[in-house]
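Student: I would like to go through this structure step by step. Could you guide me through it?

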Amino acid sequence: MNLAYAWRLVRRNPRRTFTYLFGLALAVGLFAGILFFVDATVRQMTTLAIAPVRLDMVAHATTPDVNVLSAASTAESVPGIVSAEPVYTADYASVAKAGQSQGTPSGRMFAISLSYLQTFDILQISQGGFDPGGALVSEAMAVSQNLRVGDRIQFSFSGVDHPLELPVSGIVNMDRADPLFAGGVEGQNAIVADVVFVGNTWFKAHLLAPLQAAAANPPTSLAPGAIILDPQLHIKIDRSQLPGDPSLAALQVESLRRSIERRFPGQLKAVDNLSGALTAGKGDVLSAKILFIFLGLPGVALAAYLSKFAAELFAESQRRELGLLRTRGATPAQITSLVAISSVFLAIGGSVLGLLFGLALLTISAGQQVASSLNPLAPGFDWAAFARSSSIAFLAGLILTFLAAFLPTFNAMRNEITQERRVTRRTEAAPFWRRAYLDVVALAAAVIVLVIINFNGGFKPTGTEGQSIALSFYIFIAPLFAWIGLTLLILRLVHGGLARLTNPLSGIFGKMLHEIGEVAGKSISRRASQVSAATTVIALTLSFGVSLMLFQQTYAHEKYLDSQYVVGSDVRFTPALNTSQKADFASQLEIPGVQSVTGVTRDPQALVGSEQNTVYGIDVPSFRKTAYLPDSFFVDGSSPKTLAALRDHTVNFAAGSGSQVLDALAGTPNGVIISVEQAQKYNIQVGDPVLLRLYNRLTQQYTQVETKAVGLFIYFPTSDQDSDFILNRSFMTSQTGYTAMSFFLLKTNGQPATIDRVGSTLASKYKDVMPVRIKTTQNVIKTESSSLTSLNLGGLGTMELIYTVLVSSLGLAIFLLAMVNERRREFGAMRALGANLGHLRRFLIAEALTIGVLSLAIGAVVGVLLGALLVTLLGVVFTIPPQGLSAPGLELLGMGIVVLVGMSVSTLLSARRLAGLKVAEALRDL
Amino acid sequence: MPDFEQDPEVVLQTVNLTREYRVGRQSVTALEDVEITIRQGEFVAIMGPSGCGKSTLINLIGGLDSPTSGRVLLKGQDLSQLSEEELAALRRENMGFVFQRHDLFPVLTARENVEFPLLLSGGPADHRKAKAENLLSMVGLTDKADHLPEELSAGQQQRVGIARALANASSILLADEPTGNLDSLTAEEVVSSLIDLAQKRKLTLLMVTHDPDVAAHADRILQLKDGRLLSDDGRSS
């Protein structure tokens, strides 16, 4: 029987039920949407984490006589392995151009098969091609040996009687080839500059046997650490079979590694290059979850408060109804049972609606890639994660209903019957948080946490090597307190302000809305609790949407600036090594869309002291027009603060200016500007002489040049290529005798479409003319290595934006419709006393205007503050710390307009409801 | 039956007044063919068992509800010919309502509640305030003018309701069980106030009541049963 009564209780007032269900569905929906989004994103984490890894696994032979050529086919039979390429590695003692007597120091030879170049995207041939009967030489070796395609070179190996000669068939770029140098021992990774690639067949015919013999009896002339012969299998696994979760993927990869070793017991030791990326990915998963939940949780809390708010709006009449039941003889146990069962009905209904809403929200807002991972029919759909997230969201709905709908009613059972039946306004004590000034306490706690963090050096990435970023939970303590404190403070201020402004509000609305406005103003002031609660919910929702838009725009802008820093400008054009360039080559690159071009020369073999360093030569006038040079890159080298930082090896440099540093370089022909890192290392200050040894390609000798330090920088365009020493180009070319540019930077109007067009035009222009590499900011943005920053923040932001608009508009609708519903009797009495429909509508509009205007104003201000806080806290995800907020003006305006339209529609719909008010029926309401 | 044209003292008439409600698939007749004529200044009590149609009758007379058939004539004007807005204006200018549960606006003080009907009619604020205070003094609540309804007793709340009803009642005062929620002593006081004020202002008073002691003060008693007018016991005052 209780079930039937409870069901009737739910059905009795469909508007009340629907309003509560809707509020609950919004809360559960957003929560579910965020959980599903996190699940879907995590499913991509493995792919993202291992994307930069170009060589999955290397199995090193434990002895030189292992036949990797035959082992390859066995390895390929292991499930999960796509291909296994046999590779022989051996260090040669010296190499010389045929006909020259003087050889150069040792280097490394790799013997590969033709299919290797298709299997692994490691080697980038910049000239010629791979001929199994020839040699592919590294660019560094081509420069040092002055080699061209067609030249013949002679190799000498320790323990091999005769030198071997091969023609140079091509030149290869080794920028992505670091994995080739990983040793069989963890951590062993010595990169060699002079590298040669030959065919496996040729190697087997000419070198395998002698090197195996030499390995059995190592010659005394062998250099320490040199490799006599290291047979290897380079293994590519089937990445599509890896689970989306990096933790599980790491286990599977480890299992594959053991499978390989198991098939060749004692013969092969496999080194897995994926584990490091997956471990970093695991950390990124946790950071992503923390980040998304942090960004999404306030929205969920707001929606939950909206649901509670919707329940409280009906609390008055529900208490009177239940009080009536008690007067008619229902026991507290019976009423408790009724309310509990009806609450369960509401919870189930609202949570189910919420789950559906969450799925719809994610599908609409997330990118195609994320949304498709929600397809239950797709292979690999993670039912366990889906069930887990759905259960969590469902449980949240149950808890919310318990707190919002059941608990207040249950507590009311303790009150006297007559008090519950009283029709008039209840006077309640101020809530505990207001009396205890919890808003002030929370804000103070936020400030204290921020101060403590700053004293400890501020927010720093705490990730392990390879991990893009680690966001520890403490980073969110300050904003969590700030958010709680702000919420309560807004509630206090709005409530206090409205409650004290009875006469002013009455006067303002009296002027705006005539006679009924006076009454409306008093009503708003004396119902400050309800009005301030509605205002706070909507204002905070708006602020959340604003702050997220600001953060996303800043993030997108900083991504672009990061990419400009990596590329150097909008486009970097790198012709192949040793290609001839006419003097006007730079002007040939000034195609439509290009605003300016600057050529940069580079010496990767320069020596500073005894260490090799890369030195760049720039043409200051064209460089400052073309390259990306924010002042934040430079420091004031003469400032005592900078001198102290250099001396003490801290990072507290005095801010400098790009134009000042470049002016100094331009004004000093032999000037050099240096990175702060190198300045600290070599103890160089501005004004000091700096001796460099530049490699002259014509004489093949080093030339010692005296330069003068004229400026310091923290970052320099293209410094991911280790540009720590920058000279004037004219000075550098005069010393090196080499006038060709290593690469060119091109500046456009910055529009992505223009950048892409320039890149593709240049690529097709030089396709059959010379080998070139073209890198644009768009390439970098699309293929950036950081898996956390490449996560779909855009999808989350769209979800939050939809939510902001929904809650802002519908939050007002819930308040207004609830007001119409719950004050039917009051409106009926007004009509009975002679108020017309216009009076009632103006009454409603007054409340809507108050909530709308206040929430928009507060939402905007708080949104900017929260946005600044988010950017400050999450600035660690950017390579270059952001200098300020970027505001998407049009999008913000658009959101404001949509919210205004939503609020207006809500007000109009609520006002229309008043037209259907039947006075006689309304006066019969409890 | 005399009408307004024949007898200007006739302020209110109902002609074959019928009201039916749809409850699910069934039709419930709350009033059937009720015909009454009321003259200016009369105190008419409407009595009958629960559910006999008393509140329905008074709602129809006040224009708060529409009849299924029949007419309500107020000073010869057929209320069914008026729009909702015209009815609201009519109530604003002619009628006062005293509700069973006073229905004071909880966020307005006693004075502001009484001012409400005056505010709807327009007029300067000081005039409204003075009139409201005058009405409150008539019901003996001058010292409670700035109190909110929750700060008043049930009897005081109902007296404020009476003062509010008098604010715009120029010809008719409708009271639907004004003492239903009061104890007998308070009820006696409230009814006395109501009748006294109605007489002083020469208002026509229609009052729904269960209480025979209250009805004893009336000039006429209309007895309703099952939606029909059982008797119209006219008495001379």
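This is a predicted model: local features need pLDDT of at least 70, side-chain atom pairs count only at pLDDT 80 or more; totals for chains, interfaces and linings use all residues.

Student: Now to charge. Which residues gather in the patch of negative charge on the surface?

Tutor: That patch brings together B:Asp183, B:Glu188, B:Glu189 and B:Asp213. One of them, B:Glu188, sits in helix α6 (residues 184-200) of chain B. With a relative accessible area of 39%, B:Glu188 is partly exposed.

Student: Let us change topic. How many aromatic pairs does the structure hold?

Tutor: There are 25 aromatic pairs over all chains. One of them joins A:Tyr92 and A:Phe155, whose ring centres are 5.2 Å apart and whose planes stand at 65°, so this pair is edge-to-face.

Student: Why does that pair tie together separate parts of the chain?

Tutor: A:Tyr92 is in strand β2 (residues 81-92) of chain A and A:Phe155 is in strand β7 (residues 152-156) of chain A, so the pair connects parts that are 63 residues apart in sequence. Both A:Tyr92 and A:Phe155 are buried.

Student: What would a stacked pair look like here?

Tutor: A:Phe110 and A:Phe197 provide an example, with 5.3 Å from centre to centre and 15° between the planes. A:Phe110 lies in strand β4 (residues 107-112) of chain A and A:Phe197 in strand β9 (residues 195-199) of chain A, so this pair links parts that are 87 residues apart in sequence. A:Phe110 and A:Phe197 are both buried.

Student: Which residues do ring pairs link into a cluster?

Tutor: A:Tyr565, A:Tyr628, A:Phe633 and A:Tyr715 are linked in this way.

Student: Next, the helices. How many residues of helix α29 of chain A are buried?

Tutor: In α29 (residues 824-832) of chain A, nine of the nine residues are buried. Among them are A:Phe827, A:Met830 and the charged residues A:Arg824 and A:Glu826. After α29(A) comes A:Gly834, with a positive phi near 115°.

Student: And how many residues are buried in helix α1 of chain B?

Tutor: Helix α1 (residues 54-61) of chain B is also mostly covered, with seven of its eight residues buried. The buried residues include B:Lys54, B:Leu57 and B:Ile61. Just after α1(B), B:Gly63 has a positive phi of about 75°.

Student: Let us finish with salt bridges. How many are there over all chains?

Tutor: A search of the whole structure finds 31 salt bridges. In general, side chains of opposite charge can pair when their charged atoms come close.

Student: Which residue forms a salt bridge with A:Arg152?

Tutor: Its partner is A:Glu165, and the closest N and O atoms are 2.6 Å apart. A:Arg152 lies in strand β7 of chain A and A:Glu165 in strand β8 (residues 164-173) of chain A, so the bridge ties together parts that are 13 residues apart in sequence. A:Arg152 is partly exposed at 38% relative accessible area, and A:Glu165 is partly exposed at 33%.

Student: What about A:Arg492 and A:Asp439?

Tutor: They form a salt bridge whose closest N and O atoms are 2.7 Å apart. A:Arg492 is in helix α16 (residues 477-500) of chain A and A:Asp439 in helix α15 (residues 438-455) of chain A, so the bridge joins parts that are 53 residues apart in sequence. Both A:Arg492 and A:Asp439 are buried.

Student: Which residue does B:Arg220 pair with?

Tutor: B:Arg220 forms a salt bridge with B:Asp232, with 2.7 Å between the closest N and O atoms. B:Arg220 is buried at 8% relative accessibility, whereas B:Asp232 is partly exposed at 36%.

Key. Residues are numbered from 1 along each chain as its sequence is written. Chains are lettered from A and ligands numbered from 1 in the order in which they are written. Side-chain values use heavy atoms; hydrogens and water are left out. Patches are made of residues with over 30% relative accessible area and no salt bridge: like charges are joined within 9 Å, nonpolar side chains (Val, Leu, Ile, Met, Phe, Trp, Tyr) within 5 Å. Accessible areas come from the Shrake-Rupley method with a 1.4 Å probe; for residues, only the protein chains shown count as cover. A salt bridge is a side-chain nitrogen of Lys or Arg within 4 Å of a carboxyl oxygen of Asp or Glu. The place of a charge is taken as NZ of Lys, CZ of Arg, CG of Asp or CD of Glu. Helices (H or I, at least four residues) and strands (E, at least two) are DSSP runs, numbered from the N terminus. Buried means under 20% relative accessible area, exposed over 50%, partly exposed in between (1.4 Å probe, protein chains only). Rings of Phe, Tyr and Trp (its six-membered ring) pair if their centres lie within 6.5 Å; planes under 30 degrees apart count as stacked, over 60 as edge-to-face and the rest as tilted.
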